[in-house]
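Dear colleague,

Please find the structure below, handed over for your files.

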Amino acid sequence: HVSNNPVQRWLLHRFNTQLLLYIKNCGRIQTLLDVGCGEGFSLQSIRTSGVRAKLVGVDYSDDALALGRKQFPTLRLTKGDIYALRFPDRSMDVVLCTEGLEHLDKPQQALAEIIRVSKSYVIVSVPHEPWFILANFFRGKYISRWGNHPEHIHHWSRITFVRLLRDAGLEIVHITNPFPWTMVLARVPAV
């Protein structure tokens, strides 16, 4: 998010543009939760785009939260566990989880918790494999690991990621690939 590399900045701009389009497709929202918010860059982008909703970010990393609170002091960033979110059932209109599931031992359990707290929509993204790994390799990142990020446990193609989401009970509304990611807007199952 802070790179000066023009290609990386362009890719992140495309990613954020798609994310904002998905949020606008959710209609009038009052609450949005970003699970795995890191330093809060996505929430800040959402806020500055004019989305008028209560924005909350949750992350497990004390370091990321400290940096986010320093850089974006007006954002509501809290410590939390993706496997046990401290929010009531169906309390958030939209729940985001961007670039988080690939880091988790139990992504299905995390998805169940994300679905539990969402009233209507879930927006999720993961690296689009094998393109993400190849892009890393060809730009000289993680060469000894053949481009694989050391913290990525799971590697999904578009097809396998959609299968994971459908198996969790989500209804796919829209899928896009803002290279090198897969992003999905999904509706939570009716009660």
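Contact here means heavy atoms within 4.5 Å. The model is predicted, so local features need pLDDT of at least 70 and side-chain atom pairs count only at pLDDT 80 or more, while totals for chains, interfaces and linings use all residues. Residues are numbered from 1 along each chain as its sequence is written, and side-chain values use heavy atoms, without hydrogens or water.

D59 lies in strand β2 (residues 54-59); strands are DSSP runs of E of at least two residues, and helices are runs of H or I of at least four, numbered from the N terminus. Neighbours within four places in sequence aside, D59 contacts G36, C37, G38, A64, L65, T78, K79 and G80. D59 is buried without a salt bridge, and the nearest side chain of opposite charge, K79, is 7.6 Å away. Buried means under 20% relative accessible area (1.4 Å probe, protein chains only); a salt bridge requires a side-chain nitrogen of Lys or Arg within 4 Å of a carboxyl oxygen of Asp or Glu. Lys and Arg count as positive, Asp and Glu as negative, and His and the chain ends are not counted. A polar side-chain atom of D59 lies 3.3 Å from the backbone nitrogen of C37.

D34, in strand β1 (residues 31-35), is also buried with no salt bridge; R47, its nearest side chain of opposite charge, is 12 Å away.

Kind regards

Terms used: Buried means under 20% relative accessible area, exposed over 50%, partly exposed in between (1.4 Å probe, protein chains only). A polar contact is a pair of N or O atoms within 3.5 Å; within protein, one must be able to donate a hydrogen and the other to accept it, and residues adjacent in sequence count only if both atoms are side-chain atoms.
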